[in-house]
Amino acid sequence: MHYSYSSLVLWGPVVGFDFRIDRSGGIPAYVQIVQQVQQALRLGLLVPGDRLPTARAVVEATALNPNTVLKAYRELESQGLVETRRRHGTFVTGTLGASSADSPWRAELADVAERARASGLERDDLAALFNDVLDNLYSPKEPDVVSPRL
């Protein structure tokens, strides 16, 4: 696997933020940027008012095509999560989720992940198990089928 990293500082309240681009996976780079911003919003690492790095800074740090970064920012804007202000930058305007990076759930999940790793479980195996649990827990419930009386 080949990853490229960009260590970027966001302006607003100053927040350290890294984009991690997996060039060998099947997920387009712009989708990876969108997903990483969404995750940072869910964890409270980004909050309304924070400024995203300029497209130029992301391009320089990740060696992505500028259109790729702009596409990601446009997608985030269409989702109502960011707003681009001409000559001022792209700012977070929306939020997602209710968890935070210092949530007690994070520590509990970290403990489970450490125990799984110590027992020999690979990252992808643990992710598959966890996603299966989430899918079962959060799947839409089938409505009760009521047969009409004839």
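Predicted model: local features only at pLDDT ≥ 70, side-chain atom pairs only at ≥ 80, totals over all residues.
Contact means that heavy atoms lie within 4.5 Å. Residues are numbered from 1 along each chain as its sequence is written, and side-chain values use heavy atoms, with hydrogens and water left out. The chain holds five helices and five strands. Helices (H or I, at least four residues) and strands (E, at least two) are DSSP runs, numbered from the N terminus.

**The chain as a whole**

- Starting at the N terminus, the order of elements is β-β-α-β-α-α-β-β-α-α.
- The chain has 150 residues, and 27% of them count as buried.
- Buried means under 20% relative accessible area, exposed means over 50%, and partly exposed lies in between (1.4 Å probe, protein chains only).
- Take the contacts between residues at least 6 apart in sequence: 49% of them join residues at least 24 apart.

- Two packed helices are described by the angle between their axes and the distance between the axes.
- Axes are lines fitted to C-alpha atoms, for helices over the stretch in contact, and angles run from 0 to 180 degrees between N-to-C directions.
- Helix α1 covers residues 29–42, and helix α3 covers residues 66–78.
- Their axes come within 8 Å and cross at roughly 45 degrees.
- α1 and α3 are therefore oblique to each other.
- Angles under 35 degrees count as roughly parallel, over 145 as roughly antiparallel, 65 to 115 as roughly perpendicular, and the rest as oblique.
- The crossing of α1 past α3 is right-handed.
- A crossing is right-handed if the near helix is turned clockwise from the far one by less than a right angle, and left-handed if anticlockwise.
- On the α1 side, the contact uses A29, Y30, I33, V34 and V37. On the α3 side, it uses T68, V69, K71, A72, Y73, E75 and L76.
- These contact residues divide into nine nonpolar, one polar and two charged.
- Ala, Val, Leu, Ile, Met, Phe, Trp, Tyr, Cys and Pro count as nonpolar; Asp, Glu, Lys and Arg count as charged; the others, Gly among them, count as polar.

**Helix α2 against helix α3**

- Helix α2 spans residues 55–62. Its axis is 9 Å from that of α3, and the two pack at an angle of about 130 degrees.
- α2 and α3 are therefore oblique to each other.
- Their crossing is right-handed.
- A55, V58 and V59 of α2 meet P66, V69, L70 and Y73 of α3.
- This contact has seven nonpolar residues, no polar ones and no charged ones.

**Two strand residues**

- T90 sits in strand β5, residues 89–92.
- T90 counts as buried because its relative accessibility is 8%.
- The side chains of T90 and T84 are joined by a polar contact of 3.3 Å.
- A polar contact is a pair of N or O atoms within 3.5 Å; within protein, one must be able to donate a hydrogen and the other to accept it, and residues adjacent in sequence count only if both atoms are side-chain atoms.
- Leaving aside neighbours within four places in sequence, T90 touches D50, R51, L52, Y73, V82, E83 and T84.
- R20 belongs to strand β2, residues 15–22. R20 has 34% relative accessibility, so R20 counts as partly exposed.
- R20 and T62 are 42 residues apart in sequence, and their C-alpha atoms are 8.4 Å apart in space.

- Most residues other than glycine have a negative phi.
- A63 is not a glycine, yet it has a positive phi of about 60 degrees.
- A63 lies in the loop between α2 and α3. With a relative accessible area of 63%, A63 is exposed.
- R87 is not a glycine either, and has a positive phi of about 65 degrees.
- R87 is in the loop between β4 (82–85) and β5. At 78% relative accessibility, R87 counts as exposed.
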